[in-house]
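Thanks for making the time this morning. I would like to walk through one model with you, with the criteria stated as we go.

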Amino acid sequence: MIRYVSREDWSGWRVLWEGYLRFYREELAEEVSRHTFERLCDQRDNMFGFVAETDGGELVGIANALVHPTTWSRAGYCYLEDLFVARESRGSGSGRALVEAVVADARRRGAVKVYWHTQEFNGPARSLYDLL
């Protein structure tokens, strides 16, 4: 199931967030991660987030995005900034479902384009993005 991230998701979201940061060889101060999470939950600063969860309620994926103005359109664009699915859940369709949720929500918010960037070495993500 895909749904908006909520405050009750902190511990599961944090595990996935830290896996995402490790993958990209990044470290963030705890207060930065907490602040990011709170903005996503509150949908503040045009940020929003989704989680993918199993039927048992375990979080297995996250997608964090933001809608922003652009110089190329009167409407906004949506940047899918972070997408991560736990290794054991890859291939389950969770990644695709998270991207589709972001795209649908971005359209609801008036964005005319959704875009993302990923590292050249991230073959699995590039394969997913090529399908969309």
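I will take the overall layout, then the aromatic residues, then the cores, and finally some backbone details.

A word on conventions before the content. This is a predicted model, in which local features need pLDDT of at least 70 and side-chain atom pairs count only at pLDDT 80 or more, while totals for chains, interfaces and linings use all residues. Residues are numbered from 1 along each chain as its sequence is written, and side-chain values use heavy atoms, with hydrogens and water left out.

Let me start with the layout. The chain holds 4 helices and 5 strands, where helices (H or I, at least four residues) and strands (E, at least two) are DSSP runs numbered from the N terminus. Followed along the sequence, these elements come in the order β-α-α-β-β-β-α-β-α. Of the 132 residues, 45% are buried; buried here means under 20% relative accessible area, exposed means over 50%, and partly exposed is in between, with a 1.4 Å probe and protein chains only. The accessible surface of the chain is about 7900 Å², and 49% of that belongs to carbon and sulfur atoms, the areas coming from the Shrake-Rupley method with a 1.4 Å probe, and for residues only the protein chains shown count as cover. If we take contacts, meaning heavy atoms within 4.5 Å, between residues at least 6 apart in sequence, then 59% of them join residues at least 24 apart.

Now to the aromatic residues. Rings of Phe, Tyr and Trp (its six-membered ring) pair if their centres lie within 6.5 Å, with planes under 30 degrees apart counted as stacked, over 60 as edge-to-face and the rest as tilted. By that rule there are 12 aromatic pairs. How are the rings of tryptophan 10 and tryptophan 13 arranged? Their centres are 6.0 Å apart and their planes stand at 25°, so the pair counts as stacked. Both belong to helix H1, residues 10-23, and because they are 3 residues apart in that helix, about one helical turn separates them. Tryptophan 10 is buried at 15% relative accessibility, and tryptophan 13 is buried at 0%. These two tryptophans belong to one aromatic cluster, together with Trp17, Tyr20, Phe23, Tyr24, Phe37 and Phe84.

Elsewhere, the charged end of arginine 109 sits over the ring of phenylalanine 48, at 4.1 Å from its centre.

Next come the nonpolar cores, each defined as a set of buried Ala, Val, Leu, Ile, Met, Phe, Trp, Tyr and Cys residues joined through side-chain atoms within 4.5 Å. The largest has 19 residues, and the members that touch the most others are Val5, Trp13 and Ile62. Two or more residues come from each of H1, helix H2 (30-42), strand S2 (47-53), strand S3 (59-68) and strand S4 (77-85), and H1 gives the most, with 6 residues. Setting aside neighbours within four places in sequence, valine 5 is in contact with Trp13, Phe37, Leu40, Cys41, Gly49, Phe50 and Val51. There is also a second, separate core of 18 residues, which includes Val60, Val85, Leu98 and Val102.

I close with the backbone. Most residues other than glycine have a negative phi, and most peptide bonds are trans. Arginine 25 has a positive phi near 55°, lies in the loop between H1 and H2, and is exposed at 66% relative accessibility. Aspartate 45 likewise has a positive phi, of about 60°; this residue lies in the loop between H2 and S2 and is partly exposed at 47%. From aspartate 45 to histidine 68, 23 residues apart in sequence, the C-alpha distance is 9.1 Å. Finally, methionine 1, in the segment before strand S1 (2-4), is exposed at 58%, yet its C-alpha atom is 7.2 Å from that of aspartate 55, 54 residues along the chain.

Definitions and conventions:
Lys NZ or Arg CZ within 6 Å of the ring centre and 35° of its normal.
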